[in-house]
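Please read this briefing alongside the sequence and the three-dimensional structure, which are shown below. The notes that follow are grouped by topic.

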Amino acid sequence: MLAPTASAWRAHALQRTAAGPPGPLAVPARIEWTTRPGHGPGADVLGPDLRGRRILELGCGAGHNAAHLAHHHQARVIGVDLVGEQVRRARSHYGRLPHLRFTAAHALHFLHAPGEPFDAVYSVFGAIGLVAPELLLPAIGRRLPPGRILAFSVPHPQRGGRSPSCEDKPSRDVVTLPDRTRLPIARWEYATDRWDKHLRHAGFWLTSAQEFRTPAAGPWPTTLLIRARRF
Ligand SMILES: C[S@@+](CC[C@H](N)C(=O)[O-])C[C@H]1O[C@@H](n2cnc3c(N)ncnc32)[C@H](O)[C@@H]1O
């Protein structure tokens with residue numbers, strides 16, 4: 001499953017890089033947790049005062065959310081992405097900002113390497129949901145001291161009328177590229193109770209699960225945002 005997934009994300013990065021504006025960008029005024037820009041909660045999902053906090057994003061893509069946290073909240077942020085092209089893109093947009101660093105790595109490799117603990121870890125349609133939760137959540141737990149926050153948004157498992165997975169297995173999903181090509185990926189499509197089970201096994205308690213809708217996407221929710229704390 002890993003090889004097609006990695007090449008899909010590389011193709012996604014290459015087309016996004018070719019399509020998007022190169023060079024420095026203005027820092028986004030808000031963090032986007034959902035598929036509906038401008039809606040949904042803000043950075044307080046990660047804690048009330050993020051100044052000086054060490055924050056890790058898993059699957060940062062072009063780095064927009066990481067840049068927001070570093071610039072508008074003075075957090076110390078590391079964005080990790082599997083694909084080197086995404087990291088180069090993120091650096092070209094936001095590499096000028098202090099206290100913000102982007103690194104190319106598989107989320108699991110980054111978390112298992114020796115390194116600092118974090119005050120919060122998050123993912124926005126990033127590595128959480130794209131890597132086996134029974135491996136990724138305990139690896140995140142290694143780098144989060146007790147009481148610290150993990151937050152992640154995933155495509156809602158009932159988007160478009162789908163059904164959540166009834167097993168601890170990934171489902172087939174696709175990444176749609178800017179040219180509309182659809183490439184297969186594996187995605188762990190869990191409902192809240194299955195995330196809760198995996199979080200507890202990994203040493204977290206789930207503190208909230210919120211679902212969000214996008215009017216254009218019909219009656220189904222489009223985003224599931226989960227927040228948990230390390231115990
Ligand atoms: C849908 S994009 C989301 C990017 C960004 N978080 C955003 O909201 O714009 C998913 C990102 O996760 C990255 N990714 C996929 N698998 C990963 C892994 N195992 N470790 C780190 N990053 C991964 C992809 O390369 C891609 O940039």
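**Briefing on the predicted model**

Arg91 is partly exposed, with a relative accessible area of 45%, where buried means under 20% relative accessible area, exposed over 50% and partly exposed in between, using a 1.4 Å probe and protein chains only. This is a predicted model, in which local features need pLDDT of at least 70 and side-chain atom pairs count only at pLDDT 80 or more, while totals for chains, interfaces and linings use all residues. Residues are numbered from 1 along each chain as its sequence is written, and side-chain values use heavy atoms, with hydrogens and water left out.

**Arg91 and its surroundings**

- Arg91 belongs to helix H3; helices (H or I, at least four residues) and strands (E, at least two) are DSSP runs, numbered from the N terminus.
- Leaving aside neighbours within four places in sequence, Arg91 is in contact with Phe102 and Thr103, contact meaning heavy atoms within 4.5 Å.
- Between the C-alpha atoms of Arg91 and Ala62 the separation is 8.1 Å, although the two residues are 29 residues apart along the chain.

**Nonpolar cores**

- A nonpolar core is a set of buried Ala, Val, Leu, Ile, Met, Phe, Trp, Tyr and Cys residues joined through side-chain atoms within 4.5 Å.
- The largest such core has 33 residues, of which Leu56, Leu58, Leu136, Ile140, Leu150, Trp195 and Leu199 touch the most other members.
- At least two residues of this core come from each of strand E1 (54-58), strand E2 (76-81), helix H4 (107-112), helix H5 (133-142), strand E5 (149-155), helix H6 (192-201) and strand E9 (221-230).
- A second, separate core of 27 residues includes Ala67, Val87, Phe102 and Phe212.
- Not counting residues up to four places away in sequence, Leu199 touches Leu137, Leu150, Phe152, Phe204, Leu206, Ile226 and Ala228.
- In soluble globular proteins, nonpolar side chains tend to be buried together.

**Helix H2**

- Within helix H2 (residues 64-73), the residues Asn65, Ala66, Ala67, His68, Leu69 and Ala70 are buried.
- These buried residues of H2 pack against E1, E2, helix H3 (84-94), strand E3 (100-104) and strand E4 (120-124).
- Gln74, which comes just after H2, takes a positive phi of about 55 degrees.

- Val154 is found in strand E5 and counts as buried at 4% relative accessibility.
- Apart from residues up to four places away in sequence, Val154 touches Phe125, Ile128, Gly129, Trp195, Thr222, Thr223 and Leu224.
- Thr222 is found in strand E9 and, at 10% relative accessibility, counts as buried.
- The side chains of Thr222 and Thr214 are joined by a polar contact of 3.1 Å; a polar contact is a pair of N or O atoms within 3.5 Å, and within protein one must be able to donate a hydrogen and the other to accept it, with residues adjacent in sequence counting only if both atoms are side-chain atoms.
- Leu225 also lies in strand E9 and is buried, with a relative accessible area of 2%.
- Leaving aside neighbours within four places in sequence, the contacts of Leu225 include Trp33, Phe152, Ser208 and Phe212.

**Aromatic rings and cysteines**

- Ring pairs link Phe152, Tyr190 and Trp195 into a cluster, where rings of Phe, Tyr and Trp (its six-membered ring) pair if their centres lie within 6.5 Å, and planes under 30 degrees apart count as stacked, over 60 as edge-to-face and the rest as tilted.
- By this rule, the count of aromatic pairs comes to five.
- The charged end of Arg194 sits over the ring of Tyr190, 5.8 Å from its centre, the criterion being that NZ of Lys or CZ of Arg is within 6 Å of the ring centre and within 35 degrees of the ring normal.
- The charged end of Arg230 sits over the ring of Phe204, at 5.7 Å from the ring centre.
- The structure holds zero disulfides, a disulfide being a pair of cysteine sulfur atoms within 2.5 Å.
- Cys60 is buried, with a relative accessible area of 7%, whereas Cys166 is exposed, at 68%.

**Positive phi in loops**

- His99, in the loop between H3 and E3, has a positive phi of about 60 degrees although it is not a glycine.
- Phe125, in the loop between E4 and H5, has a positive phi near 55 degrees and counts as partly exposed at 26% relative accessibility.
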